[in-house]
Amino acid sequence: MAPWLTVVGIGEDGFKGLGKQARRALLGATRIIGGQRQLDLLPVCIRGERQLWPSPFSLEPLLAQRGAPVCVLASGDPMFYGVGASLARQVPREEMLILPAPSSCSLAAARLGWPLQEVVCLSLVARPLAALNSHLFSGVRLLVLSNDRHSPAALAALLRERGFGPSRISVLEHLGGEQERRVDGLASEWHDPEVADLNVLAIECIAEPSTPRLSRLAGLPDSAFAHDGQLTKRDVRAVTLAHLAPIPGELLWDVGAGCGSIGIEWMRAHPSCRALAIEADSGRQLLIERNRDTLGVPGLQLIRGSAPQALAGLERPDAIFIGGGVTRAGVLDTCWAQLKPGGRLVANAVTLQSEMTLMAWRERHGGELTRLHIAQAQPLGEFDTWRQALPITLLDLVKPLDA
């Protein structure tokens, strides 16, 4: 089937900035769908019926016109946080033609002289501001699509709160158009100047000397988490995550999540990693919500309840961590049954009873047992001595592909 749908990326320079193929598609379309701002950029010679996206947004009216020559207008590159990405999930590739214009981040990088491959590109459009926390490292350059005119002030406040007040901010608005403008300043001195709703934020992240270094590698300091003592400690957490082995796009169940440290560090390993934190204690649920925002993974999903009952109906995971509750009836069996073939299960035990449970499970299903002994030097009078933490027994096994 020949493409019936053409997605045209249009910039601030409007119709005159489009190539021949995009102009031809618009001239031949019976219907043109887009936002008001994009539709207003078209000249009167475009005769196709103009239609606004419905509110709330839905693709159904467009998909109902399948087969008719239809154009969709989008800002810049439709495949960069745009409607093209949504359409590509529902319209077969051979039925759709996408004609992009330069994205706002491409234009911003060109204005700033920043090599785009060395920049982290993010979006705040209908997304939580807390997601930026996991990208704040001294020396990193960020290009951020603003949600509206209030985004620069909100982001400057976040930078100050996180110890990145010296960071340089540039707001670039109406890129590629006659009203193009740039406003520069420091996060520490940002006074919320009037800017357009349509803008891109460029940030050169600079940390204050006292700002803690929070690596993306497993094993954040325990002090990075708000907790009530129910926390997988740093060294054990690093080893546990090494056994869980996060892979981009995979889903983790963190069963008995405590303050959420394992699920949070799993998601920090890659932006596409996902996690469900299953926790019954209401106080710890609040800690999980606080920690996930502070450490930049607001997408961590909190499941309120006790395993195994709370596990019913959840999306099947690629990996499971059980930090507590392995002796509770049905927890291991339910987790094993729901784990995808080829998935990894890691469970930690502190008590003799939980250790015996893991040993019995290994007898039935295989896997590896590891004993972790961690000691730290602590004062003893005028000298120092080793203080031994409780030993941890770790079970690590992979579910057979034919299971």
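Visitor: How many positive and negative side chains does the protein have, and how far apart do the centres of the two sets lie?
Guide: The protein has 40 positive and 41 negative side chains, and the two centres lie 4 Å apart. Lys and Arg count as positive and Asp and Glu as negative, while His and the chain ends are not counted. Each charge is placed at NZ of Lys, CZ of Arg, CG of Asp or CD of Glu.

Visitor: What kind of model is this?
Guide: This is a predicted model, in which local features need pLDDT of at least 70 and side-chain atom pairs count only at pLDDT 80 or more, whereas totals for chains, interfaces and linings use all residues. Residues are numbered from 1 along each chain as its sequence is written, and side-chain values use heavy atoms, with hydrogens and water left out.

Visitor: Which domains is the protein divided into?
Guide: There are domain 1 (5-101), domain 2 (105-205) and domain 3 (222-399), with bounds from an automatic or database domain assignment. The centres of domain 1 and domain 3, taken over C-alpha atoms, are separated by 46 Å.

Visitor: And how many helices and strands?
Guide: The protein has eleven helices and 19 strands. These are DSSP runs numbered from the N terminus: helices are H or I with at least four residues, and strands are E with at least two.

Visitor: Changing topic, how many disulfides does a search of the whole structure find?
Guide: The search finds zero disulfides, a disulfide being a pair of cysteine sulfur atoms within 2.5 Å. For C105, the nearest cysteine sulfur is that of C121, 4.1 Å away, and C105 is in no disulfide.

Visitor: Where does L158 lie?
Guide: L158 lies in helix 6, residues 151-161, and is buried, with a relative accessible area of 9%.

Visitor: Which residues does L158 contact?
Guide: Leaving aside neighbours within four places in sequence, L158 is in contact with L129, L132 and N133, where contact means heavy atoms within 4.5 Å.

Key:
Buried means under 20% relative accessible area, exposed over 50%, partly exposed in between (1.4 Å probe, protein chains only).
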